[in-house]
Each structure stands twice: as structure tokens, then as C-alpha cells.
Amino acid sequence: MSIETTMTSDVVGLVKPPPVSRRGFMSATAAVAAGYTLAAGPVRAEVITTDTSGLQAGDAKIKVGSEEMPAYFARPAGNTKAPVIIVAMEIFGLHEYIKDVTRRLAKLGAFAVAPDYYFRKGVNLTKITEIEDLLPVVNSKPDAELLSDLDATVAWAGSQGGDTTKLGIIGFCRGGRTVWEYAAHSGTLKAGVAFYGPPVDPANPLWPKSPLQLAPEMKAPVLGLYGEADTGIPVAQVEQLKAALAQNKKTAEFKLYPDAPHGFHADYRGSFRKEAAEDAWKQAQAWFKKYGVLS
């Protein structure tokens, strides 16, 4: 099996969730109309929807080299010095859940930006129906390019009036891994929040170091939020990362949610666990406040 088609631990957690009743889900047509990705599986009818009242929100293009990277942003209307928070998406592309999270952060006072860093493949991930068809795109994204794209996102937010001295990043699933990677890369990041990001990678020359291997290089405090029932990320791996960070005297905290599967914050999926998701969101806010991203 090539790395391009490897089921990484985050993907295993997505495709092997605990059994769930299919009642209370949208039809595929309704899910697409609402802006969700079919490859993510059935979409819950009771998704969280955050409006744009009091916000400036919409699509943007971010200059990356000679190209333009699509992005979605949301910020408090009229606030030109809002703190900047990058939203690192799952493998499903820039779909409605990620956009809604961006608006939720804007409601908290942030200039939140979700960059579509898989754009170079010329494939709209939100239109793909099978996870297997996503893997060759997302698994071939080089870390060096990813980190450069995130730096460009920060620079763009700063050029739009965002306060990049108060910089945070939050990510989910593969985006949770991105949080750990960026925390080891960026010297300006104030804090990160990683939702169920894999601590260990399969062998891939495009991903030189996993979060676990990067433990000695972490430059910003990170909060790791994980589910004990995650079928792809064993608790032992989370504890291994926790120990490595402690050994290297890095600032990090972890919270494990009993009975919560991978994707427990994703309110559009059957993996959603309301109690864990709400607590994790509160923990994320408190973390960003503690380290000066949010006030």
C-alpha cells in the first residue's frame, strides 16, 4: 500500500466509528445543498448553525507564491485589530462545518481564517463522495508546503488588519495534527488547540516528523482534546505524546473524554457527542484566553 492510499489513524477513526442510529440524518441531496461533504458520511439534521449577525464573513484568496489559495474568514464587524485564529480543517475540504466553526470563533471576538490548503490538486474535496478518493490528495500534501501556506494565511490576516501578535490555531482530525506541526514551526504562535490530531504518522517522506517526534521543538502551548473511544488513536499514543512533551518541559495539557469517538466535536456527523463537544469548546476558549489569544 502506498502512502497516498494509506488509512492514517485519523481516517481509521472516521471510517470505523461506534455504531449509530441512522435516524435524524439529512438526505444526501439536503446535505450537499447545506454545504457538507458526502465523503464524511450521513449528515445529522440537527447541525449547529451560526449566523453572521455582527460579523464580516466570506470567501477570500490568499497569495501563496504565484498562486491564490481559497479561504473562508469571519471576523467581528468593524474590529480591525481582532486576534487571529487559523482553523485547520479535516480531510473533507472547506465545507460548512469548518465555516461554521470559523463563525463561532468570530463571535468570540477573533478574526478566524480557514485556508483551503489542498487546492493545488485542482480537486474540490467537498464534492468527493468516498474517503478512498480523498486519500491521494490529502496524504500527498508535504508538511513544508502546509506550514508555508499557514504562514501565508497569517500574513494575509495581518494585511487585513488582524492582530497577529495574538495568534492562535485550532484544528480537527488531520487539522489537529496540523496544530501540533505548526506549534513546532511558528515562533509567533501564542497557543494551539488540537482536536483528536494523530500523535504518530505512518512513514511518509513528505511528513518528516510526527507530532511525537516534534515534541522537543514545540514553541507554543497546545491543548490536546481526545476521545477514549477513538478507534484510530489509542489512548496509549496520546499518553506517549503527553510524556514526551513533559520530558522536554513543553507546555501542554490533555483532556480525554470517556466514550467519545473520533470526531466527537463534529456536530454534523454521527460521531458527535454533545456533552464532550460542549466541554471541549469551553476548554478551547479558556486555553486561548489563558495564553492571550482571546480576551
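In strand β5 (163-172), the bridge partner of V84 is L167. This pair belongs to the contact between β3 (residues 83-88) and β5 in a predicted model, where the two strands pair in the parallel sense over six bridges. Two strands are taken to pair if DSSP finds at least two bridges between them. Helices (H or I, at least four residues) and strands (E, at least two) are DSSP runs, numbered from the N terminus. Residues are numbered from 1 along each chain as its sequence is written. In this predicted model, local features need pLDDT of at least 70, side-chain atom pairs count only at pLDDT 80 or more, and totals for chains, interfaces and linings use all residues, while side-chain values use heavy atoms, with hydrogens and water left out.

On its other pairing, β3 joins β4 (residues 111-115), again in the parallel sense, over three bridges. V84 stands opposite F111 of β4, and I85 stands opposite A112 in that strand. Six of the six residues of β3 are buried (under 20% relative accessible area, with exposed meaning over 50% and partly exposed in between; 1.4 Å probe, protein chains only), so β3 is largely enclosed by the rest of the structure. Both faces of the strand are covered: P83, I85 and V87 lie on one side, and V84, I86 and A88 lie on the other.

These strands are part of an open sheet of eight, in the order β1-β2-β4-β3-β5-β6-β7-β8, with mixed pairing. The edges are formed by β1 (55-64) and β8 (252-257), each of which pairs on one side only. From one strand to the next, the twist averages 20°. Helix α3 (residues 96-107) packs on this sheet, touching β1, β2 (67-76), β3, β4 and β5, where contact means heavy atoms within 4.5 Å. The direction of α3 makes about 45° with that of β2; axes are lines fitted to C-alpha atoms, for helices over the stretch in contact, and angles run from 0 to 180 degrees between N-to-C directions.

Ten of the twelve residues of α3 are buried, so this helix is largely enclosed by the rest of the structure. The buried residues are E96, Y97, I98, D100, V101, T102, R103, R104, L105 and A106. They pack against β1, β2, β3, β4, β5 and α8 (274-290). The end C-alpha atoms of α3 are 16 Å apart, which agrees with the 16 Å that its twelve residues should span at 1.5 Å a residue; the expected span is 1.5 Å times one less than the number of residues. Just after α3, G109 takes a positive phi of about 105°.

Helix α5 (residues 143-159) has 17 residues and reaches 24 Å from its first C-alpha to its last, close to the expected 24 Å. Its buried residues are D143, L146, L147, D149, L150, A152, T153, V154, W156 and A157, and these pack against β1, β2, β3, β4, β5 and α6 (174-185).

The packing of α5 on α6 has an angle of about 75°, with the axes 11 Å apart. The two helices are therefore roughly perpendicular to each other (65 to 115 degrees; angles under 35 count as roughly parallel, over 145 as roughly antiparallel and the rest as oblique). In this contact, D143, L146, L147, L150, D151 and V154 of α5 meet R177, T178, E181, Y182 and H185 of α6. The contact residues divide into five nonpolar, two polar and four charged, where Ala, Val, Leu, Ile, Met, Phe, Trp, Tyr, Cys and Pro count as nonpolar, Asp, Glu, Lys and Arg as charged, and the others, Gly among them, as polar.

Strand β7 is mostly covered, with six of its six residues buried. V222, G224 and Y226 point one way from the strand, and L223, L225 and G227 point the other way.

The loop between α7 and β8 holds K249, which counts as exposed at 74% relative accessibility. The C-alpha atoms of K249 and P216 are separated by 8.3 Å, although these residues are 33 residues apart along the chain.
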